[in-house]
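Please examine the sequence and the three-dimensional model below.

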Amino acid sequence: MTALLVRVVAALLAGTLFSQTAEFTQQYLQRLGGWTDALRVEVARFDATAGASGLSRDAAIDRLRRNPDRFVARQGEDAAVTVADYAHAERRYEALIDNPPLLRPFVALGDPDWTLAGRTFDDFRPAFPIGLDGLVLTGAGFCAGWAGGAGVHGAVRMRRRRRQRAAAERATLDA
């Protein structure tokens, strides 16, 4: 009975956790999309200003960075960081959008923006997994939990058997 209870509890816990990965990824994707859109506007505005001055983006950033005025040079550094952030955000967003919802949790886990993921987690609200991806992930989590519970139970049983065997050997040697 204990083995079954351990497996069922582990399976239910893992199933519940896995079922929420689809919703968490959806909320992360929405937040990432909003951040990407905001950065796109900033980069486009910078590009327009640079273009109006007859400069490319890289030339404008370089010109700002080399300016002897530390304030202006800092603006160049900030522009370079914004452009780099936009490239990373756009890449992550496209990677998530280009994959089916069932695979998105794994894609997001492969290259997360930890700051954004942390803020998503702070605002995360669980959802009932009625979509196909949520149900499949629930089933996968249940199976993983069942296997994990079986592994834990098996390890505990193996340790108990070793102790019993060692105690029996000591008793045989003492006799």
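Phe124 is buried, because its relative accessibility is 14% and the limit for that class is under 20%. The model under discussion is predicted, and the classes given here are read from it. Phe124 takes part in one of two aromatic pairs. Its partner is Phe24: the two ring centres lie 5.6 Å apart and the planes stand at 65 degrees, so the arrangement is edge-to-face; the cut-off for that label is over 60 degrees.

Charged contacts provide the next topic. The count of salt bridges comes to 10. In one of them, Asp123 pairs with Arg31, and the closest N and O atoms are 2.4 Å apart. This pair also links distant parts of the chain, with Asp123 in helix H5 and Arg31 in helix H1, 92 residues apart. Asp123 is partly exposed at a relative accessible area of 43%, and Arg31 is partly exposed at 23%.

A further salt bridge is formed by the side chains of Glu77 and Arg65, at 3.1 Å from N to O. Because Glu77 lies in helix H3 and Arg65 in helix H2 (residues 57–66), this bridge ties together parts that are 12 residues apart in sequence. Glu77 has a relative accessible area of 35% and is partly exposed; Arg65, at 39% relative accessibility, is partly exposed as well.

The side chains of Asp111 and Arg92 also meet in a salt bridge, with an N to O distance of 3.4 Å. Asp111 is placed in the loop between helix H4 (104–110) and H5, and Arg92 in helix H3, so the bridge ties together parts 19 residues apart in sequence. Is Arg92 buried or partly exposed? Arg92 counts as buried, because its relative accessibility is 14%, whereas Asp111 is partly exposed with a relative accessible area of 28%. Through shared partners, salt bridges join Arg91, Arg92, Asp111 and Asp113 into one network.

Helix H3 (residues 70–97) also holds Val72, which is partly exposed at 21% relative accessibility. The C-alpha atoms of Val72 and Leu39 are separated by 20 Å, and the two residues are 33 apart along the chain.

The surface carries patches of two kinds. Leu4, Val8, Leu12, Phe142 and Trp146 make a nonpolar patch of about 410 Å². Helices H1 and H6 are the elements that give two or more residues to the nonpolar patch, and H1 gives the most, with three residues. Leu12, located in helix H1, is partly exposed because its relative accessible area is 48%, while the exposed class begins over 50%.

The other patch is one of positive charge, where Arg157, Arg160, Arg161, Arg162 and Arg165 gather on the surface. Arg160 has its place in helix H6 (residues 132–174). At 47% relative accessibility, Arg160 is therefore partly exposed.

Conventions:
Residues numbered from 1 in each chain as written. Predicted model: local features only at pLDDT ≥ 70, side-chain atom pairs only at ≥ 80, totals over all residues. Heavy atoms only, no water. Patch = residues over 30% accessible without salt bridge, like charges linked within 9 Å, V, L, I, M, F, W, Y side chains within 5 Å. Areas by Shrake-Rupley, 256 points an atom, 1.4 Å probe, with all protein chains shown as cover. Salt bridge = Lys/Arg side-chain N within 4 Å of Asp/Glu carboxyl O. Lys, Arg positive; Asp, Glu negative; His and termini not counted. Charge placed at Lys NZ, Arg CZ, Asp CG, Glu CD. Helix = DSSP H or I, 4+ residues; strand = E, 2+ residues; numbered from the N terminus. Buried < 20%, exposed > 50% of the residue type's maximum accessible area, 1.4 Å probe, protein only. Phe/Tyr/Trp six-rings, centres within 6.5 Å; stacked < 30°, edge-to-face > 60°.
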